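Here is a short report on how parts of this structure meet. Keep the model open as you read.

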Amino acid sequence: MSTIEGLSWAFLSEAPEHRSLPVLETHFRQTLEAFGFDRYCCTRLSGLRIADTPKVVSRHGFEAWDRRYWAERYIEQDPCSRWIATNQTGFTWTDVRDTAPQGAETMWREARAEGLANAFVVQMPGPLSEKIVLRMTSPLAGFRGEHRPLLESVGVVFATLAVRLHEQAADRPGPGLLSQRETECLQWVGLGKTDWEIGAILDISPKTVNHHVESAKRKLDVATRLQAVTAALSRGLIPPILG
Amino acid sequence: MIHVITAQNRHLYAEQLADMFQFRRIHFVEENGWADLKADETGERDAFDDEHAVYLLGLDPQDRIEVGLRVRPTTEGCILADVYPQMVAPAAPAVKGPDAWEMSRIFSTHAYRRERRGGRRVAEAFLAAMETAHAAGAARLVGMVDMKLYPLASNIAWDLRLTGLPAPYPYGLMVGVYAAVGAREIAHLRESLGLAGPAGYEVEAEDLAACGGFQDVEAMFARAVRAPHIAQRPESAASIAAAAAAYAYHDGRRPERQDASELRWAAE
């Protein structure tokens with residue numbers, strides 16, 4: 001196994017164990033460096049129209065370029081948007097250059113001046129029927145083709161886990177033992193809802209719902225959801241359930 | 001309920017299995033473009049569609065397929081270990097052996113996807129796969145997934161891990177995966193799906209004789225796995241009689257009359 005394969009495998013096998021977004025981000029950055037990439041931006045896209053502002057999940061070294069990109073409305077010339085809409089595999093800026101409109105060259109020239117010479121973009125379906133897009137940029141224009149599968153896989157796993165940890169981190173403390181999301185999720189469990197239904201109600205993924213319910217079970221020191229609802233009711237942590 | 005179809009009850013599902021092979025041709029060959037698969041006018045099949053294959057199908061109220069997948073004991077052949085061993089890292093848990101079952105040919109139909117009901121039914125099918133493997137003594141499920149589907153596959157309440165580095169194949173990037181199978185993992189996934197009992201059930205001819213059709217069996221199954229503290233209601237008498245009929249058939253007793261509400265039982 002080469003060094004880059006070894007580092008990639010270390011990330012792919014260890015990343016699911018990371019319980020916090022900062023730890024995941026640090027490991028991802030270290031792995032990216034082995035590929036010659038130094039910045040990234042992971043976003044959730046609910047649509048591909050210009051008015052659909054993406055929600056940032058995680059980024060590093062991308063803030064200044066992102067501000068310029070949206071201020072100059074480069075999305076109107078950016079061929080990556082069309083590729084994201086019509087392709088499912090990862091691609092580089094080099095791949096899309098031939099089909100780019102003239103205005104895109106200005107965008108890329110300014111990106112190079114900011115230290116972004118090339119990018120590798122991967123996309124995947126998000127848990128809420130949206131697209132997750134991860135842009136990884138390098139100060140070098142070249143990118144070794146044989147590394148594409150590894151970088152794409154590392155990117156997909158990172159983005160998947162980052163979205164989940166970002167959702168979990170959005171929780172807030174509650175007035176008592178349980179957090180805000182733990183309380184909300186248990187209330188809906190008490191009304192007979194599944195993780196999928198609770199996720200649709202709260203606009204979070206079913207896996208995040210599961211995380212909050214399991215966390216509530218641990219805090220309440222119970223083994224099942226039924227016990228968790230009962231314990232939370234008896235301790236006044238959730239309001240009485242009305243049918 | 002997910003229908004568990006083994007070599008023993010396949011004869012009950014002739015229509016659904018014929019449709020399943022056709023859906024596999026549509027999904028994998030026509031939509032995904034997997035031209036190297038063997039497909040003809042009867043559908044898509046491979047060497048692993050043998051007597052060891054267990055098919056798990058979710059049906060709609062008209063008994064039409066919504067979702068489906070195949071599981072097999074890896075001791076009788078394993079796609080991941082036998083065909084793609086390069087996708088299994090040395091440190092990965094064993095993907096072939098008595099404690100590993102393999103999932104493959106996972107699909108959902110156009111009709112199901114059009115209804116935009118999300119991945120819940122597919123998750124039920126995965127749960128039935130875990131139950132089937134666990135009942136056979138397995139400790140893990142293995143399989144392969146296209147990397148673009150990894151986010152959806154890992155969004156279920158199970159701990160899905162990679163077996164090794166991904167490898168390009170003609171249609172994208174494929175990676176080996178595995179998930180632990182045990183009583184705890186099964187209970188965890190059941191809870192996330194709001195199920196008080198198993199997702200899968202192996203229908204027998206006696207079930208159909210006692211209850212009617214597949215939907216009647218599903219209705220009886222749903223009542224049977226519901227939490228036991230059901231309040232007695234007048235309409236539950238018929239369902240209890242139907243359940244008694246099913247259990248009697250399993251015990252080898254046959255009714256003297258066909259009317260389920262007035263059954264008298266005679267020992268064979």
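## A helix pair in chain A

Helix 8 (residues 180-190) of chain A packs against helix 11 (residues 225-234) of chain A at an angle of about 110°, and their axes are 10 Å apart. The model is predicted. Angles of 65 to 115 degrees count as roughly perpendicular. Helix 8 of chain A and helix 11 of chain A are therefore roughly perpendicular to each other. Their crossing is left-handed.

Which residues meet in this pair? Helix 8 of chain A brings A:Leu186, A:Val189 and A:Gly190. Helix 11 of chain A brings A:Arg225, A:Ala228, A:Val229 and A:Ala232. By class, this contact has 5 nonpolar, 1 polar and 1 charged residues.

## Where chain B touches chain A

The contact between the chains takes 29 residues from chain A and 24 residues from chain B.

What is the class make-up of the side of chain B that touches chain A? That side has 14 nonpolar, 6 polar and 4 charged residues.

## Two domains in chain B

Chain B is divided into domain 1 (2-201) and domain 2 (205-266). Their contact takes 8 residues from domain 1 of chain B and 8 residues from domain 2 of chain B. On the side of domain 1 that touches domain 2, the residues divide into 6 nonpolar, 1 polar and 1 charged.

How values were computed. Residues numbered from 1 in each chain as written. Chains lettered and ligands numbered in written order. Predicted model: local features only at pLDDT ≥ 70, side-chain atom pairs only at ≥ 80, totals over all residues. Contact = placed C-beta atoms within 7 Å. Nonpolar A, V, L, I, M, F, W, Y, C, P; charged D, E, K, R; others polar. Axes fitted to C-alpha atoms, helices over the stretch in contact; angles between N-to-C directions. Helix = DSSP H or I, 4+ residues; strand = E, 2+ residues; numbered from the N terminus. Parallel < 35°, antiparallel > 145°, perpendicular 65-115°, else oblique. Left-handed = near helix turned anticlockwise from the far one by under 90°. Domains from an automatic or database assignment.
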